[in-house]
Amino acid sequence: MAVLNGSLPLLGGLTVRFPRPSDDDFLMGLFMDARPWLAKAHHDRDFIRTLYEQQYGARRMGQESRYPEHLDFVVEKTGQPVGRIVMDLGRYDWRVSEVEIHRLARGKGIGTDLLRSFQGTAAQMRIPITLSVAEVDTRVHWFYHRLGFDLLAKTSPSLELIWLPPGHPGIQHLPPQILPAQMQQGGAS
């Protein structure tokens with residue numbers, strides 16, 4: 001098995017690499033920036049920092065439990081960290097469990113280039129990409145729709161989205177491992 005020691009080049013001058021201990025502050029900052037409502041929980045800054053650290057740890061443990069084969073990547077542009085993507089590169093689909101782009105790097109096409117890079121590789125392998133988004137975050141819905149993701153199922157409070165590579169025969173030909181529980185049991189989405 002090959003080991004990634006450096007970084008993988010992607011579209012738009014992006015690269016991905018595995019996190020290093022020196023990335024801890026950057027990754028915590030991304031997590032905090034994506035969840036500003038936690039900062040309103042209390043007026044004590046130390047309490048808020050502890051709250052974020054606990055939530056960050058719980059999130060990491062949840063990902064490791066739900067996606068034991070996940071890969072965690074730091075996204076860089078011109079050698080500077082600008083985001084993070086967590087993926088499970090499974091046999092039947094690639095599951096994106098988290099994408100975070102630093103607030104100062106948003107709106108510059110980084111998320112688009114990142115996902116299109118993975119779509120290009122998945123297309124060569126004829127592997128679908130799946131993910132879930134919050135029902136209420138319509139801005140994110142539009143972003144993924146623009147990249148060719150379609151609704152697979154509504155699993156309140158989330159929506160399950162899927163991108164099928166060109167030439168894929170369609171969702172009726174997906175293995176049950178990809179489908180949300182209610183679809184595996186023959187329920188309607």
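How many of the eight residues of strand 3 are buried?

Tutor: Six of the eight residues of strand 3 are buried, so the rest of the structure largely encloses this strand. Buried means under 20% relative accessible area, exposed over 50%, and partly exposed in between (1.4 Å probe, protein chains only). Helices (H or I, at least four residues) and strands (E, at least two) are DSSP runs, numbered from the N terminus.

The model is predicted: local features need pLDDT of at least 70 and side-chain atom pairs pLDDT 80 or more, while totals for chains, interfaces and linings use all residues. Residues are numbered from 1 along each chain as its sequence is written, and side-chain values use heavy atoms, without hydrogens or water.

Start with the partners of strand 3. On one side is strand 2, paired in the antiparallel sense over four bridges. Two strands count as paired if DSSP finds at least two bridges between them. Arg-17 has Val-74 of strand 3 as its bridge partner. Leu-14 stands opposite Lys-77 of strand 3.

Strand 4 is another partner. Strand 3 and strand 4 are also antiparallel, and they share eight bridges. His-70 stands opposite Asp-88 in strand 4. The two strands form a hairpin with two residues between them. In that turn, Thr-78 has a positive phi of about 50°.

Thr-130 is part of strand 6. Thr-130 is buried, with a relative accessible area of 2%. Setting aside residues up to four places away in sequence, Thr-130 touches Asp-93, Trp-94, Arg-95, Val-96, Leu-161, Ile-162 and Ile-178. Contact here means heavy atoms within 4.5 Å. The C-alpha atoms of Thr-130 and Glu-160 are 7.2 Å apart, though 30 residues separate them along the chain.

Next, the core. A nonpolar core is a set of buried Ala, Val, Leu, Ile, Met, Phe, Trp, Tyr and Cys residues joined through side-chain atoms within 4.5 Å. The largest such core has 27 residues, and those with the most contacts inside it are Val-75, Ile-85, Ile-129, Tyr-144 and Phe-149. Strand 3 (70–77) and strand 4 (80–89) are among the elements that each supply at least two of its residues. Helix 3 gives the largest share, five residues. A second, separate core of eleven residues includes Phe-26, Leu-27, Leu-30 and Leu-51.

Ile-85 shows how these parts meet. Leaving aside neighbours within four places in sequence, Ile-85 is in contact with Leu-71, Asp-72, Phe-73, Val-75, Val-96, Glu-98, Val-99, Leu-114, Leu-115 and Phe-118.

At 1.5 Å a residue, the 16 residues of helix 3 (residues 110–125) should span 22 Å, and the end C-alpha atoms, 23 Å apart, agree with that. The expected span is 1.5 Å times one less than the number of residues. Arg-126 follows helix 3, with a positive phi near 55°.

Then the rings. Rings of Phe, Tyr and Trp (its six-membered ring) pair if their centres lie within 6.5 Å; planes under 30 degrees apart count as stacked, over 60 as edge-to-face, the rest as tilted. There are four aromatic pairs. Phe-143 and Tyr-144 form an edge-to-face pair, 5.0 Å centre to centre with 75° between the planes. Phe-143 counts as partly exposed because its relative accessibility is 21%. Tyr-144 is buried at 9%. Tyr-144 and Phe-149 have ring centres 5.4 Å apart and planes at 75°, so that pair is edge-to-face. Phe-149 is buried, with a relative accessible area of 2%. Elsewhere, ring pairs link Phe-18, Phe-73 and Phe-118 into a cluster.

Last, the record. An unreviewed UniProt entry lists residues 14–165 as "domain: N-acetyltransferase". UniProt positions follow the numbering used here, feature names are shortened, and annotations may be inferred rather than shown by experiment. In the model, this span is 38% helix and 32% strand, and its end C-alpha atoms lie 22 Å apart.
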